[in-house]
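I opened this notebook to record what I looked up, working through ring pairs, charged pairs and backbone features in turn.

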Amino acid sequence: LLLQRTMGIGADGAILPATFAESIDYSFAASPAVQVADWAGALILLATSLLLGSKLWTFKPEGKHVLYFFGYERETVMFPVYITLFAFTSYYSKICNHVSGVDGAKLYQYRYLDYMVTCPLLTLTLMATLNLPYKFTSAVFMMLVIVSGFMSMYIPSPGRYLWFALGMVLFMMTWYAIVILAQVRFLQYFGKKHRSTSKRGAKRMSLASKKGLRDKRLRSPMQTFLATYFVVWIGYPILWLLEDFNVLDHLVVYICHVIFDLITKVVFGFCIIRFQFVIDKLDVKLEDLKVTLNDMLDDYQEAVKEGKAARRVKNKNLEKYGVEDLAEVSEKTISSYDEDPHADEGRYPYYEHEISSHFPLQSQQFPDLQNMPGGGINNGAVYTSQPDLYHSHLPSNTMKRNGLPSNM
């Protein structure tokens, strides 16, 4: 079937239309569902752009009296406003198309015009916010991906699939490169390793150790806008294939595009602005990346090992001294435990001096006790080899020191 479609032949052997755009029945564009979706998308995008713009316009960092803070120092933070505003104009054009009764083919043209501007801006916004390298390079590659998708709509088969393949190669290359860079930055924020030394001997600090950057106020929006970029974007080429092979109806695909647009632009915009606000309030400057993902993973694994070792030491101190931190125990107490490990034996009736005080004539009355079955003398202390009430409440470490099995 794939080979037939690439050659422009349908499943029944009939010749397919020259381009995919010509094969679509655009009557679905007149359905109420499409018009409601376009109206909802336009209103939500407009409200988002106005709300984000007002917040950025009036933002002032703590301790600074700066008017138009994002207008002078970092105007790139305004990118989410541009994205939602341009997407609104695209949906507004679709609404005008519905009102004028123009052919639905224009809807696809408006969509790709929207993506050619907003997708590179979304990529540039992500890279600039996290201060990742190759900001403009990644944005240009994303623009080429959208151009490839547009060409696949208006080029006959098999060239249509060649354009789609080119777009997928560019998309996966760019997507994977950004994932790696963003993961390094993410590990810097949330890794347990606060300090490490690179191979060149340069000391580097994890941002997780500075000003509480592991707080949920930062972690939650960062995880959300990364998920909308790296996960939802994969849905677009999947929708392209499902529509091409008629797995989903054109109406369903169109509604899915509207939902994806709102997630990748509105949710992304709110989360990344929230993240930026917290960063600026904490007065944190994201420095250039000077480590690779392998370096960060090595540091993280080393930190995990050190954490496990510290936990073993605390467990050992808890078992021996009753506390995890030896700073809570006086040196005299520690030395007494180390010099006389049987210092607590007098508290239990198991030991010799208490047995003598409670039963002074027992050893004299029963001289052959050690030869009796189940009985014996251990350094003058009388005990039985069977479990009894005295042994049942002794600590396991005390019993081991005096020759008793711990499972008694």
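I began with F79 and Y82, which both lie in helix α5 (residues 79-100), 3 residues apart, or about one turn of the helix; helices here are DSSP runs of H or I with at least four residues, strands are runs of E with at least two, and both are numbered from the N terminus. Before going further I noted that this is a predicted model, in which local features need pLDDT of at least 70 and side-chain atom pairs count only at pLDDT 80 or more, while totals for chains, interfaces and linings use all residues. Residues are numbered from 1 along each chain as its sequence is written, and side-chain values use heavy atoms, with hydrogens and water left out.

**Aromatic rings**

I looked up accessibility for both residues: F79 counts as buried at 13% relative accessibility, whereas Y82 is partly exposed at 33% (buried is under 20% relative accessible area, exposed is over 50%, and partly exposed is in between, with a 1.4 Å probe and protein chains only). I then turned to Y112 and Y115, whose ring centres are 6.4 Å apart with the planes at 70°, so the pair is edge-to-face. For the term I used these cut-offs: rings of Phe, Tyr and Trp (its six-membered ring) pair if their centres lie within 6.5 Å, and planes under 30 degrees apart count as stacked, over 60 as edge-to-face and the rest as tilted. Y112 and Y115 both lie in helix α6 (residues 105-129), 3 residues apart, and both are buried. Across the structure I found 16 aromatic pairs; F79 and Y82 form a tilted one, at 5.7 Å centre to centre and 50° between the planes. I also noted a cluster in which ring pairs link Y112, Y115, F150, Y154, Y236 and F260.

How many salt bridges does a search of the whole structure find? I found 2, the term meaning a side-chain nitrogen of Lys or Arg within 4 Å of a carboxyl oxygen of Asp or Glu. One joins D244 to R160, with the closest N and O atoms 2.5 Å apart. That pair links distant parts of the chain, with D244 in helix α10 (residues 235-244) and R160 in helix α8 (residues 159-190), 84 residues apart; D244 and R160 are both buried. D261 and K265 also meet in a salt bridge, at 3.8 Å from N to O, and both lie in helix α11 (residues 250-281), 4 residues apart. D261 is buried with a relative accessible area of 3%, and K265 counts as buried at 2%.

I next checked H98, which is placed in helix α5 and counts as buried at 17% relative accessibility. Leaving aside neighbours within four places in sequence, I found H98 in contact (heavy atoms within 4.5 Å) with residues including A29, V34 and L107.

**Backbone**

Most residues other than glycine have a negative phi, and most peptide bonds are trans. N131 has a positive phi near 50° and lies in the loop between α6 and α7, where N131 is buried with a relative accessible area of 17%. N246 has a positive phi near 60° and sits in the loop between α10 and α11; N246 is exposed, at 56%.
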